[in-house]
Amino acid sequence: MEFIQAVMDYAFLQKALVTSVMVGIICGVIGSFIILRGMSLMGDAISHAVLPGVAISYIFGINFFFGAVISGLIAALGIGYVSQNSRIKNDAAIGIMFSTFFALGIILITMVKSSSDLYHILFGNVLAVRSSDMWITFFIGVFILIIVFAFFKELLVSSFDPTMSQAYGLPNKIIHYLIMTLLTLVTVASLQTVGIVLVVAMLITPASTAYLLTNRLSVMISLAVIFGTLSSVIGLYYSYIYNLASGATIVVISTIFFLIAFIFSPKQGVLWNKLRAYKQRGLSR
């Protein structure tokens with residue numbers, strides 16, 4: 001009741017709650033495609049690659065959204081260009097770009113006189129969300145949901161079977177860069193909530209939890225959205241009540257949901273797999 005009353009009384013908590021829910025939704029949606037396409041490492045790379053753009057934005061006194069998006073897109077394009085035009089494999093290209101952009105971001109941070117806001121970008125502070133941040137997250141979320149809805153069939157086919165997708169004449173390379181663009185936007189939208197260091201967890205963990213519970217993409221996305229939203233709301237609650245780091249708390253709650261699914265999932269859970277194996281051994285005797 002205390003938390004509900006606080007939400008009704010304080011505008012900053014209302015903005016934090018709305019932003020957290022939106023982040024949970026868009027991370028669940030895009031995270032599902034990231035999991036299916038085996039691009040978890042790419043998500044980690046993009047989340048760290050936006051750091052120099054954020055730092056540059058603060059240096060010039062503009063909203064971090066613009067610098068972060070540009071920096072993330074340059075990193076994504078760089079990874080694709082290096083892996084496609086050299087003997088360097090994709091994972092190595094990701095490692096090169098990821099470390100380079102992150103190192104550049106750290107150097108730029110040292111040039112900023114006041115790094116308190118950048119600390120929040122690194123580790124998240126949803127309770128400090130401004131109205132501009134909330135609206136940016138909202139518009140990014142709407143744009144992402146429209147794109148996913150409009151190109152759902154193309155994204156589905158290319159995620160499950162790229163060969164079949166190519167046989168159908170779908171532009172796999174364009175779809176890949178579309179996913180990279182959406183991933184960059186989701187990362188930027190999540191910075192204020194969970195921060196650069198933890199955003200990959202919100203992209204991967206709710207979707208992984210859903211992946212353990214279903215084999216259908218539409219159901220997986222729905223479950224990922226539910227887990228992402230619940231993690232954000234519950235994490236915000238504990239963050240406010242016990243004065244904990246908001247981003248870290250949200251990620252821990254998300255991980256708890258994953259562990260429950262990992263152990264108790266009817267088809268994929270460790271517990272039920274062990275019970276089925278035990279019964280099979282008993283029947284074979």
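## Cavity and pocket

On a 1 Å grid over the protein atoms alone, a cavity is a set of points where a 1.4 Å probe fits but cannot get out, a pocket is an open set with protein on both sides within 12 Å along at least five of seven lines, and lining residues have an atom within 4 Å of a point. The model here is predicted, so local features need pLDDT of at least 70 and side-chain atom pairs count only at pLDDT 80 or more, while totals for chains, interfaces and linings use all residues. Residues are numbered from 1 along each chain as its sequence is written, and side-chain values use heavy atoms, with hydrogens and water left out.

There is 1 cavity of 30 Å³ or more, and the largest cavity comes to about 60 Å³ (a volume is the space filled by probe spheres set on the grid points, which are joined across faces, edges and corners). Its lining is made up of Thr-19, Phe-64, Phe-65, Val-129, Asp-133, Ile-136, Thr-137, Val-188, Ala-189 and Gln-192. Helix H5 (64-84), H8 and H11 each give two or more residues to that lining; helices here are DSSP runs (H or I, at least four residues), numbered from the N terminus. By type, the lining of the largest cavity splits into 6 nonpolar, 3 polar and 1 charged, where Ala, Val, Leu, Ile, Met, Phe, Trp, Tyr, Cys and Pro count as nonpolar, Asp, Glu, Lys and Arg as charged, and the others, Gly among them, as polar.

As for the largest pocket, about 160 Å³ of space lies in it. Arg-37, Met-39, Ser-158, Ser-159, Pro-162, Asn-172, Lys-173 and His-176 form the lining, with helix H9 (152-160) and H11 as the elements giving two or more residues. H11 gives the most, 3 residues. This lining divides into 2 nonpolar, 4 polar and 2 charged.

## Nonpolar cores

A nonpolar core is a set of buried Ala, Val, Leu, Ile, Met, Phe, Trp, Tyr and Cys residues joined through side-chain atoms within 4.5 Å. Buried means under 20% relative accessible area, exposed over 50%, and partly exposed in between (1.4 Å probe, protein chains only).

The largest core has 66 residues, of which Ile-30, Met-42, Ile-144, Val-148 and Leu-191 touch the most other members. Helix H11 (residues 172-211) gives the most to this core, with 21 residues. Another core, of 10 residues, lies apart from it and includes Phe-3, Val-7, Leu-13 and Val-129.

Arg-130 pairs with Asp-133, with the closest N and O atoms 3.2 Å apart. Arg-130 is partly exposed, at 44% relative accessibility, whereas Asp-133 is buried, at 3%.

## Aromatic pairs

Rings of Phe, Tyr and Trp (its six-membered ring) pair if their centres lie within 6.5 Å; planes under 30 degrees apart count as stacked, over 60 as edge-to-face and the rest as tilted. In one of them, the ring centres of Trp-135 and Phe-138 are 5.6 Å apart and the planes sit at 85°, so it's edge-to-face.

These two residues are 3 apart in helix H8 (residues 131-150), so about one helical turn separates them. Trp-135 is partly exposed at 45% relative accessibility, and Phe-138 is partly exposed at 35%. Ring pairs also tie Trp-135, Phe-138 and Phe-139 into a cluster.

## A positive phi

Most residues other than glycine have a negative phi. Asn-243 isn't a glycine, yet has a positive phi of about 55°. Asn-243 is found in the loop between helix H12 (217-242) and helix H13 (246-264), and is exposed at 70% relative accessibility.

Note on methods:
Salt bridge = Lys/Arg side-chain N within 4 Å of Asp/Glu carboxyl O.
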